[in-house]
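Let's take a walk through this one, strand by strand and helix by helix. Have the model open and follow along.

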2 protein chains.
Amino acid sequence: MDLDQYMTDVGRAARAASRHVAASATNARNTALLAARDALDAARPALAAANAADMERGAANGLDPALMDRLELTPARVDSMLEGLTQVATLPDPVGSISDMNAMPSGIKVGKMRVPLGVIGIIYESRPNVTVEAASLCLKSGNATILRGGSEALESNMAIARCLTLGLQQAGLPEAAVQVIETRDRAAVGRLISMPEYVDVIVPRGGKGLIERISAEARVPVIKHLDGNCHVFIDEDADEDMAVAIAVNAKTQRYGTCNTMETLLVHASIAGSVLPRLADEYLSAGVELRGCERTCALLPAAIAATEADWEEEYLGPVLAVRVVDSLQAAMDHIEAHSSRHTETIVTRDHARAMRFLREVDSSSVMVNASTRFADGFEYGLGAEIGISTDKLHARGPVGLEGLTSQKYVVLGEGQVRS
Amino acid sequence: MDLDQYMTDVGRAARAASRHVAASATNARNTALLAARDALDAARPALAAANAADMERGAANGLDPALMDRLELTPARVDSMLEGLTQVATLPDPVGSISDMNAMPSGIKVGKMRVPLGVIGIIYESRPNVTVEAASLCLKSGNATILRGGSEALESNMAIARCLTLGLQQAGLPEAAVQVIETRDRAAVGRLISMPEYVDVIVPRGGKGLIERISAEARVPVIKHLDGNCHVFIDEDADEDMAVAIAVNAKTQRYGTCNTMETLLVHASIAGSVLPRLADEYLSAGVELRGCERTCALLPAAIAATEADWEEEYLGPVLAVRVVDSLQAAMDHIEAHSSRHTETIVTRDHARAMRFLREVDSSSVMVNASTRFADGFEYGLGAEIGISTDKLHARGPVGLEGLTSQKYVVLGEGQVRS
């Protein structure tokens, strides 16, 4: 296979398809999603066979058990892919709405119309269900997609893609609106991120290493989520029961998610009473505590934290704890160490809550709520293609709207400029 | 001078200052703008001396007369810098507004707060007044700025920067909120666009060559405006008088601007009557016409266009003209050749107008109005730092809002996730 030629063909086809999808009726896109769902349901045996081939190949190649687990398409996972398609079909169409239409002194009316981005490249690792998730969100928002999944999931992804193609055909939409890259050649990623003429944005989903590599090398804009080093700050004015509930939930409700708290900051004037209560909860949940000097003085079970602990996204039952002397010191710590994902203050003081909201520079900033709420579904976006830790374009959970842009529309009645 | 160290110091100072500016009161930023205006007014002799030094150096180096003209700080240009500062001070502050605050099923309230981007790097060519324009818009929107002007304007830019510093001092804002790079070393640009740790976005202002080079090499997001190859399409259903007025205005009202029409598309069924009328107007205005075969058959004065003419941004009294058989053919031409800046349809047909608005993928799409309206002031933005031909983040004229982003704010009363 001539990879360059292949990728150019994929890109060119996506660009052409994107124009049709952008101009398509909402109904056509919904029909495609629901027809793809039915096709997937009918293709369960074929999906199982393709997935078995990937699993066999993975086992032969000594694939990591965690990756093997993520690769497997169980019947329950297929069910949830089908549900996802139904759900995306029922979401409101973000495309075409016109907002802020105002009359100008010249007599023209100026507004903004929401439009698809064009062609979206998705780069992800082993989970084949991402193929359906990403393709459905991109299609719903009027975009064409090029999907580059993990090479270990190629057979599964191609089997899924065949069902998506059937859905597109039934709706009269171009097949190239959703394309899975059909090669294991790693150089395909390099090409995908270097074709600004065919690809408008790249959304990488995976580990920090993958995303950093792609961001450094891409010649196309990247909507990226690097890591989630999230903080909870318990202010001196906090309601202690509330502080305990939030700090326990933010850490222990799920360890492996990006919106899990990784460092707890506690105001010195409340640390003596709240930290021992929290330590009991954490220890009974099996959470290891790594504290600053003052934390260790209060909590015999805590071990000494090092500078590296303030930077770490543990994604597991470990928590860094630091006692600080003021709101300012808490915000300074966050400024220095946060990955700018999500931070929460627990306080009863309105002015300090407002200051935290205003001054903390993270994609989600919260008062008296668990960091675990930073999520597209909890924010009412209906779905989420990822959480952006970038500042431009999309920040925080990215739903359908984040896959669109706005262009200016001007309505005149013959006005010319004088 | 150790350039790397110098640029690192500038970047670090900007990052620290950005935090203070972002948290500052609207009043403080307005005070700084007005105090800078007064300082510039008082410093007219010093500005004139610095500018004279630049002009002398430019003359000695054989600088192009057009560049010499743009370099000159006439009293009228200083007046307009002062006016600009007054005007930016009166614009509404985009920072801190919270929108779309909705209650979620979990009980949390989720909204979006408008926040500054952080540190904005501006790279521009000889006009020293850009220093004031860019710095004032960035400061008003709560950002710190690093300004890299043309090396030929360094003395003028540094003299202006001293006045901006005085303004910041009087308002109690950090001086590093506005920094001019004080070296002619061209390597400074390379460093500025490769410090994502200190710079959040680059806005290049200048010729297409400069902007392409910066975009290709930048490791920081770039809000860019490449070129303006704008189209007017006269539909078969157009009011002919209106079509003539718009097509003449779009081309001849000003030749050198990016929103000037460069190619005129005319529906075949109206070309025979409207093109000769237009040709009279263009020829009397001294506009050279380069037409497709059918155009040349209708207009003896037109010379034959080549493929290159459809791509060209003439920025002068030249116009490419093509007769097309349908709205679809017009949109296909635009799709193939436009720089996605601004396109207009002249028509009386509502359905076709709506189709053009929906399907044409440019930053501004217009019905029955001159392309010359694509401008921040005409759109009611109050000011403009440039016009973006990108799709992500900001598209079309970029005002204060384009220099900000939105973060999620969550207001809870102790909610945890279940």
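This is a predicted model: local features need pLDDT of at least 70, side-chain atom pairs count only at pLDDT 80 or more; totals for chains, interfaces and linings use all residues.

Residues are numbered from 1 along each chain as its sequence is written, chains are lettered from A and ligands numbered from 1 in the order in which they are written, and side-chain values use heavy atoms, with hydrogens and water left out.

Back to that pair. Strand β16 (residues 404-415) of chain A runs parallel to β13(B), joined to it by five bridges. Strands count as paired here if DSSP finds at least two bridges between them; the strands themselves (E, at least two residues) and the helices (H or I, at least four) are DSSP runs, numbered from the N terminus.

β13(B) has a partner in its own chain too: strand β12 (residues 342-346) of chain B pairs with β13(B) in the parallel sense over four bridges, and there B:E343 stands opposite B:V365.

How enclosed is strand β13 of chain B? Six of the six residues of β13(B) (364-369) are buried, so the strand is largely enclosed by the rest of the structure. Buried means under 20% relative accessible area, with a 1.4 Å probe and protein chains only.

Now hop over to a helix pair in chain A. The axes of helix α5 (residues 75-90) and helix α6 (residues 129-140) of chain A come within 10 Å and cross at roughly 10 degrees. Axes are lines fitted to C-alpha atoms, for helices over the stretch in contact, and angles run from 0 to 180 degrees between N-to-C directions. α5(A) and α6(A) are therefore roughly parallel to each other, the label for angles under 35 degrees. In the contact (heavy atoms within 4.5 Å), residues of α5(A) including A:M81 and A:L85 meet residues of α6(A), among them A:V132 and A:L137.

Last stop, chain B again: four strands form an open, parallel sheet in the order β5-β4-β3-β6. Its edge strands are β5 (178-180) and β6 (201-205) of chain B, each pairing on one side only.

How values were computed:
Buried means under 20% relative accessible area, exposed over 50%, partly exposed in between (1.4 Å probe, protein chains only). Angles under 35 degrees count as roughly parallel, over 145 as roughly antiparallel, 65 to 115 as roughly perpendicular and the rest as oblique.
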